[in-house]
Amino acid sequence: MRQRTTDGSAGDADYGSIGTNYAVYRRPDPRIAEAISRALGQARTVLNVGAGAGSYESVARQVTAVEPAAAMRAQRPADLPEAIDAVAEDVPFADNTFDAAMTTFSVHQWSDVAAGLREMRRVATGPVLVLTCDPQRVRDFWLHEYAPLVLDTEARRYPAIEDITRILGGTVTVEPVPIPLDCTDGFNEAYYGRPERLLDPGARQACSAWSFVAEATRAHYVDQLRADLDSGAWDQRHGHLRRQPEFTGSLVLVRALP
Ligand SMILES: C[S@@+](CC[C@H](N)C(=O)[O-])C[C@H]1O[C@@H](n2cnc3c(N)ncnc32)[C@H](O)[C@@H]1O
């Protein structure tokens, strides 16, 4: 198990330093929430692992949240229950405690993905959902032209989808999740048609992959993007995306039934 930071962060990113404004930039998107809700089906009790500031938790269900980073727990809205300070690899619940378990944008940060997924499977009687990115598709996004080391970092961190499905076992489906043009959850691909948003340092900080790249390199990447936006070069190559209502990128929803 990885050493936890002073803020409690248990993954490969320290949310004590990068997580302060997470909830401002990473607001749950209602269309993605709908896909998760469909996949949860009739589940009434749900465990959310790596719950962060509570994105994609439904007040219509009885959700139990697990989140190791204090900076993230502190950003949970008042209408959501407090998150329990624990890690995916060892959740403090008996077998079959919940109808379902979910994790969103978190599994790539765990020190032991297999242990965490096995824990989710152990404590849920019904669907286990993993909203994550397919590492095989991460580099297809135009941002790779500008910030290659950022997306190389993402591609290296995300577990292979085949590994997730094999570890969860049972009956598994993997669905691409279309990203809407006005997506409110600011992960990198959410800005596919709004590239100017990535010039905002806060938007980049809310995507942990940027924190793995040296500051001078990041600054160079941003300068290049800004220059291509100013000259029209970005629009020549990718401008059609500004009008494309949805983008199917690397985002997928894995759903495993026992
Ligand atoms: C990108 S945030 C996603 C938060 C939230 N699920 C969302 O969709 O906005 C990743 C979260 O995973 C948490 N995390 C990292 N390693 C973890 C681990 N080993 N066990 C549980 N959570 C972990 C981090 O603390 C962070 O809150």
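Select helix α5 (113-123): the buried residues here are V113, G116, L117, E119, M120 and V123. A residue is termed buried if 20 or more other C-beta atoms lie within 10 Å of its own, exposed if 12 or fewer, and partly exposed in between, with C-beta atoms placed from the backbone. Helices (H or I, at least four residues) and strands (E, at least two) are DSSP runs, numbered from the N terminus. Viewed down the axis of α5, the buried residues fall within an arc of 155°, so they line one face of the helix; the arc is that of the directions from the helix axis to the C-beta atoms. An α-helix has 3.6 residues a turn, so residues three or four places apart point the same way.

Before going further, note that this is a predicted model, in which local features need pLDDT of at least 70 and side-chain atom pairs count only at pLDDT 80 or more, while totals for chains, interfaces and linings use all residues. Residues are numbered from 1 along each chain as its sequence is written.

Now display what lies against α5: its buried residues pack against β1, β3, β4 and α8. Packing here rests on contact, which two residues make if their C-beta atoms, placed from the backbone, lie within 7 Å.

**Helix α3**

Next, select α3, residues 30-40, where I32, A35, I36, A39 and L40 are buried. They cover an arc of only 140° around the axis, which puts them on the same side of α3. The face turned away from that side carries the exposed residues P30, E34 and R38. The partners of the buried residues of α3 are β1, β3, β4 and β8 (251-257). Just after the helix, G41 takes a positive phi of about 60°.

Stay with I36, and colour Y56, M102, L129 and L131: I36 touches these residues, not counting those up to four places away in sequence. I36 also belongs to the largest nonpolar core, which has 73 residues; I36, V46, A100, A101 and L129 touch the most other members. Such a core is a set of buried Ala, Val, Leu, Ile, Met, Phe, Trp, Tyr and Cys residues joined through C-beta atoms within 7 Å.

Y56 is not a glycine, yet its phi is positive, about 70°. Most residues other than glycine have a negative phi. Y56 is buried, with 24 other C-beta atoms within 10 Å.

F105 is the next selection, in the loop between β3 (100-104) and α5. Its phi is near 50°, again a positive value in a residue other than glycine. F105 is buried, with 20 other C-beta atoms within 10 Å.

Select D99, which sits in the loop between α4 (70-73) and β3. D99 is partly exposed, with 19 other C-beta atoms within 10 Å. Leaving aside neighbours within four places in sequence, D99 is in contact with A43, R44, T45, V46, A124, T125 and G126. Draw a distance from D99 to G41: their C-alpha atoms are separated by 10.0 Å, although the two are 58 residues apart along the chain.

Continue to α7 (residues 148-157), whose buried residues are V150, L151, T153, E154 and R157. Down the axis of α7, these residues fall within an arc of 150°, so they line one face of the helix. Among the elements covering them are β4 (128-133) and α6 (143-146).

Y158 lies in the loop between α7 and α8. With 23 C-beta neighbours inside 10 Å, Y158 counts as buried. Show its contacts as well: Y158 touches H108, T132, C133, P135 and V138, again not counting residues up to four places away in sequence.

**G169**

Select G169, in the loop between α8 (161-168) and β5 (171-176). G169 counts as partly exposed, with 14 C-beta neighbours inside 10 Å. The C-alpha atoms of G169 and L257 are 8.0 Å apart, while 88 residues separate the two along the chain.

**The ligand**

Finish at the ligand, which has 25 residues around it; G11, G50, G52, A88 and S106 come nearest. A residue counts as near if its C-beta atom, placed from the backbone, lies within 6 Å of the molecule. By class, this shell has 12 nonpolar, 10 polar and 3 charged residues.

How values were computed:
Nonpolar A, V, L, I, M, F, W, Y, C, P; charged D, E, K, R; others polar.
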